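Work through the exercises below with the sequence and the model side by side, and try each task before reading its solution.

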Amino acid sequence: MTLPLHGCRVLDLGIITAGAATGAMLADLGAEVIKVESPTYRDPFRNWNAASAATDDGFRPFRFTNRNKEGISIDLKTPAGRDVFLELARRSDIVVENFRRGVLEELGIGYDSLTAVRPGIILASISSQGESGPKARYVSFGSTLEAMGGQAWHTGYDDASGPVTTGRALNYPDQVVALFATGMVLAAYRQKRRTGQGAHLDLSQRELTSFLVGEEFAAAESRPARAGNADDGYFFQRCLRTQDGWMAVSIPGGQTPRVAALIGEDDFTEDGLARWCAGETAGTAAASLQAIGVAAAPVLHGAEVR
């Protein structure tokens with residue numbers, strides 16, 4: 001099977017997640033991806049160990065966001081480095097970047113410079129706030145984008161506990177923009193193959209975060225209470241401790257009599273289910289609940305998933 005981006009070359013200036021993960025997914029789709037790093041400022045993910053900052057035996061995110069890529073080190077702040085990059089661009093189809101707005105132009109490799117050497121090139125610019133506007137040069141992280149995009153306003157277990165952001169380990173807006181960017185680049189590349197026309201794609205993490213809040217914007221005048229995992233369609237959604245770990249369970253209201261019978265209670269209560277789970281292993285508890293039609297599963301860590 002020929003992959004959609006077979007024969008396509010991508011110059012990947014991305015770092016951390018938003019840009020680099022986009023390049024990785026383009027490689028998954030068959031593109032030749034060349035990661036371009038500065039000799040004086042490497043991708044911070046090279047030194048970011050997800051398991052422990054003190055050891056080297058955990059999973060480094062760099063391995064995941066830069067899979068299947070070639071690599072080159074170019075000092076883009078020098079005239080010689082700029083010339084090397086533009087020569088590579090002349091032989092490439094796509095450039096991906098998530099620098100601070102204005103940096104590409106300062107380096108002399110902005111969209112106009114790229115199209116001058118490669119008409120029809122596609123530039124995917126990923127940023128927190130977009131290319132223009134009063135907040136285009138804001139310093140942002142995933143947590144602040146969740147706040148500005150409206151997502152954090154809806155999250156949390158109750159109003160007293162306040163909003164909750166996904167934090168450094170996830171940074172939801174970074175994951176979201178990489179998925180959308182990959183789709184937009186693929187669409188632009190297909191258009192280029194048909195017409196020869198390139199594009200400058202402007203991808204704002206804040207806009208995409210707001211987009212995924214969905215219909216809540218239509219009800220902006222109302223302010224529903226934060227309810228954690230509570231849902232009208234599912235009476236109970238929680239992770240409960242077992243003898244050997246944790247188990248996740250989702251129970252629609254109509255299934256509570258079955259659960260009560262299983263755990264030996266007259267009526268379903270959260271405390272009753274918690275006590276029953278504490279006396280079972282996660283695998284046994286999940287299997288018993290699955291047998292009566294209730295969605296349940298042990299909570300697995302990385303080694304167990306593999």
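This is a predicted model: local features need pLDDT of at least 70, side-chain atom pairs count only at pLDDT 80 or more; totals for chains, interfaces and linings use all residues.

Residues are numbered from 1 along each chain as its sequence is written, and side-chain values use heavy atoms, with hydrogens and water left out.

**Exercise 1.** State what percentage of the residues in the chain is buried.

Solution. Begin with the elements: the chain has 12 helices and 9 strands, where helices (H or I, at least four residues) and strands (E, at least two) are DSSP runs numbered from the N terminus. Then apply the cut-off, buried meaning under 20% relative accessible area with a 1.4 Å probe and protein chains only. Of the 306 residues, 41% are buried.

**Exercise 2.** Determine the strand order of the open sheet of 3 strands, and find which helices pack on this sheet.

Solution. First, the order is S7-S8-S9 with antiparallel pairing, two strands being paired if DSSP finds at least two bridges between them. The edges are S7 (236-241) and S9 (295-298), each of which pairs on one side only. Next, S8 (residues 246-251) pairs with S9 over 4 bridges, and Ala248 has Ala297 in S9 as its bridge partner. Finally, helix H10 (residues 270-278) packs on the sheet and touches S7 and S8, whereas helix H11 (residues 282-291) packs on the sheet and touches S8 and S9, contact meaning heavy atoms within 4.5 Å.

Definitions and conventions
Buried means under 20% relative accessible area, exposed over 50%, partly exposed in between (1.4 Å probe, protein chains only). Axes are lines fitted to C-alpha atoms, for helices over the stretch in contact, and angles run from 0 to 180 degrees between N-to-C directions.
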